[in-house]
Protein chains: 2
Amino acid sequence: MVTVMSASKSEVAYQLVSERINTGAYSPGYRLVLGTIAEELGCSVVPVREAIRRLEAEGLVHFTRNVGATVAQVDSTLYLHTMQTLMIIEPAATALAAHAMDAAWLSKARALNEKMRQCLEDFDPVAFTRMNTEFHQLLYGQCPNPHILDLVQRGWRRLAAMRASSFTHIPYRARESVKEHDGLLDLIESHATPAQIEAACREHRAHTLNSYLKAAGMEPSVI
Amino acid sequence: MVTVMSASKSEVAYQLVSERINTGAYSPGYRLVLGTIAEELGCSVVPVREAIRRLEAEGLVHFTRNVGATVAQVDSTLYLHTMQTLMIIEPAATALAAHAMDAAWLSKARALNEKMRQCLEDFDPVAFTRMNTEFHQLLYGQCPNPHILDLVQRGWRRLAAMRASSFTHIPYRARESVKEHDGLLDLIESHATPAQIEAACREHRAHTLNSYLKAAGMEPSVI
DNA sequence: CGCACACTGATCGTATACGATTTGATGTAC
DNA sequence: GTACATCAAATCGTATACGATCAGTGTGCG
């Protein structure tokens with residue numbers, strides 16, 4: 001055979017559906033029909049099934065036996081639960097990644113945060129959220145524990161899929177957020193202990209979460 | 001139809017393989033052949049495939065395209081990574097579950113820990129590990145955030161699948177562990193804040209992890 | 001007019017079948 | 001004796017086919 005066969009069909013199906021959910025082409029509640037997707041991909045339903053089940057395991061789609069799959073609903077509770085989970089795991093990942101934060105890394109992070117600061121004028125929530133995601137990825141990206149890294153990435157991915165950035169709901173957080181990022185980088189530059197980094201990072205996340213909770217008229221998170 | 005059809009075949013397959021891994025009937029490295037399992041279950045390979053992929057998503061089996069699935073290897077790094085992940089998430093789950101810890105709950109937890117204390121004489125690592133799992137389940141079980149709860153349960157499940165309890169490797173930790181459990185319950189009884197509970201619980205987990213690391217001649221965890 | 005029930009179309013769950021890929025073994029040349 | 005090419009068996013990946021199940025609709029009865 002000449003064909004390269006780089007990825008299996010179920011992998012292709014997974015990528016396709018996954019991307020469409022992320023870009024919002026499939027919005028929450030959208031009915032994912034195996035046969036339709038299979039036809040579109042030019043393959044049978046079997047690989048599509050597998051892809052859908054994988055997405056289910058990741059929490060991006062909801063599946064009911066003998067009924068079918070739909071893109072997971074973004075109920076406000078789900079958003080909060082995901083935020084809360086990230087508030088616990090991401091700071092830990094960042095602290096564990098501290099060893100990799102050298103001078104080069106630091107200047108890159110500073111530059112990115114500076115770009116975010118510039119973005120504050122004529123505020124564009126989407127662009128800002130994208131850069132915010134990138135900034136945090138820079139923070140936790142070098143975490144040496146693959147489980148934890150995976151969990152953090154899934155969390156962010158879920159939030160992205162919800163297309164409900166905090167900054168859309170509570171725009172004033174953007175300015176505070178940039179300031180807190182700087183504080184975090186200062187802390188890292190001064191060779192703070194991992195525990196200190198974790199605490200500061202968690203505080204940053206907690207501020208965002210609690211601002212959202214307050215805006216929604218709810219109690220702040222207990223931790 | 002008279003049949004109840006309580007679970008789909010892929011669900012049955014999932015349960016079967018999952019249990020066999022947990023009980024150790026399928027030990028790490030064991031080759032999971034779709035056809036063989038299907039034959040044993042009296043069904044075709046398709047549902048088995050789905051079950052295997054689910055187990056892969058949970059990290060219990062390793063899957064290679066066109067080659068097949070094997071029960072995940074328990075390399076010591078994996079064990080440590082799982083322990084470290086749990087060290088971060090479980091205390092948070094416990095703190096979030098604090099609201100549900102009333103007098104009745106407390107007496108149940110005390111009773112269980114007392115049983116563990118009795119088990120210290122003629123020490124049986126397996127029985128002790130089982131009770132320890134139960135005790136911790138009691139701690140985090142009422143966590144209201146389903147994501148976090150799920151992550152904690154997966155972590156414990158993974159550790160169980162590894163059949164490599166800390167108490168097998170470092171038996172002297174058992175005695176300290178029971179004492180720390182009591183301390184934790186005292187703290188809860190005195191209506192400590194969730195943050196305090198989290199800190200104490202994490203310290204407990206950190207002690208276990210670092211004892212293991214020390215026994216293996218490795219550096220203690222940075223957080 | 002409203003409710004219960006049977007029917008229908010859509011969709012899922014699984015079996016079977018076959019092509020594709022890998023792996024390990026066998027044989028041959030050097 | 002070793003290295004490499006070739007081959008066969010085992011196993012996976014996917015297509016197709018058909019039975020099972022569910023949601024919605026229409027009809028009949030109270």
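Predicted model: local features only at pLDDT ≥ 70, side-chain atom pairs only at ≥ 80, totals over all residues.
**Entry 1: the domains of chain A**

I began with the domain assignment of chain A, which gives domain 1 (9–71) and domain 2 (76–215). I then looked up the separation of the two domains, and their C-alpha centres lie 30 Å apart. I recorded the contact between them as ten residues of domain 1 of chain A against five residues of domain 2 of chain A.

My next item was the buried area. The size of an interface is often given as the accessible area lost when the parts come together. For domain 1 of chain A and domain 2 of chain A, this area is about 650 Å², with 40% of it on carbon and sulfur atoms.

I searched the interface of domain 1 of chain A and domain 2 of chain A for salt bridges, and the rule finds one. I also looked up the pair A:Arg157 and A:Glu58, which form a salt bridge with their closest N and O atoms 2.7 Å apart.

Which element gives the largest share of the side of domain 1 of chain A that touches domain 2 of chain A? I found helix α1 (residues 9–23) of chain A, with five residues. By class, I listed this side of domain 1 of chain A as four nonpolar, five polar and one charged residues.

**Entry 2: chain B against chain A**

I turned to the contact between the chains. How many residues does each chain bring to it? The contact takes 31 residues from chain B and 31 residues from chain A. I looked up the area buried between chain B and chain A, which is about 2800 Å², and carbon and sulfur atoms give 59% of this area.

I counted the polar links next. Between chain B and chain A there are six salt bridges. I looked up the pair B:Glu50 and A:Arg53, which form a salt bridge with the closest N and O atoms 2.8 Å apart. The count of residue pairs in polar contact between chain B and chain A is twelve, both residues being at pLDDT 80 or more.

I then asked which elements of chain B give two or more residues to the side that touches chain A. I found α3 (45–57), α4 (76–96), α7 (146–162) and α10 (194–215) of chain B. The largest share of this side, ten residues, comes from α4(B). I divided the residues of this side of chain B into 16 nonpolar, seven polar and eight charged.

**Entry 3: the sheet of chain A**

I examined the strands of chain A and found three that form an open sheet in the order β1-β3-β2, with antiparallel pairing. Why is one side of β1 (31–32) and of β2 (61–64) of chain A left without a neighbour in the sheet? Both stand at the edges, each with a single partner strand, so one side of each has no neighbour there.

I followed each pairing in turn. β2(A) and strand β3 (residues 68–71) of chain A pair in the antiparallel sense over four bridges. Here A:Thr64 has A:Gly68 as its bridge partner in β3(A), and A:Phe63 stands opposite A:Ala69 in β3(A). The hairpin of β2(A) and β3(A) has three residues between the strands, and in it A:Asn66 takes a positive phi near 65°. β1(A) and β3(A) pair in the antiparallel sense over two bridges, and the bridge partner of A:Arg31 in β3(A) is A:Thr70.

**Entry 4: the sheet of chain B**

Three strands form an open sheet in the order β1-β3-β2, and the pairing is antiparallel. In chain B, β1 (31–32) and β2 (61–64) stand at the edges with a single partner strand each, so one side of each is left without a neighbour in the sheet. I noted that β1(B) and strand β3 (residues 68–71) of chain B pair in the antiparallel sense over two bridges. B:Arg31 stands opposite B:Thr70 in β3(B).

Conventions
Residues numbered from 1 in each chain as written. Chains lettered and ligands numbered in written order. Heavy atoms only, no water. Domains from an automatic or database assignment. Contact = heavy atoms within 4.5 Å. Buried area = accessible area lost by both parts, 1.4 Å probe. Salt bridge = Lys/Arg side-chain N within 4 Å of Asp/Glu carboxyl O. Nonpolar A, V, L, I, M, F, W, Y, C, P; charged D, E, K, R; others polar. Polar contact = N/O pair within 3.5 Å; in protein donor to acceptor, adjacent residues only side chain to side chain. Pairing = 2+ DSSP bridges.
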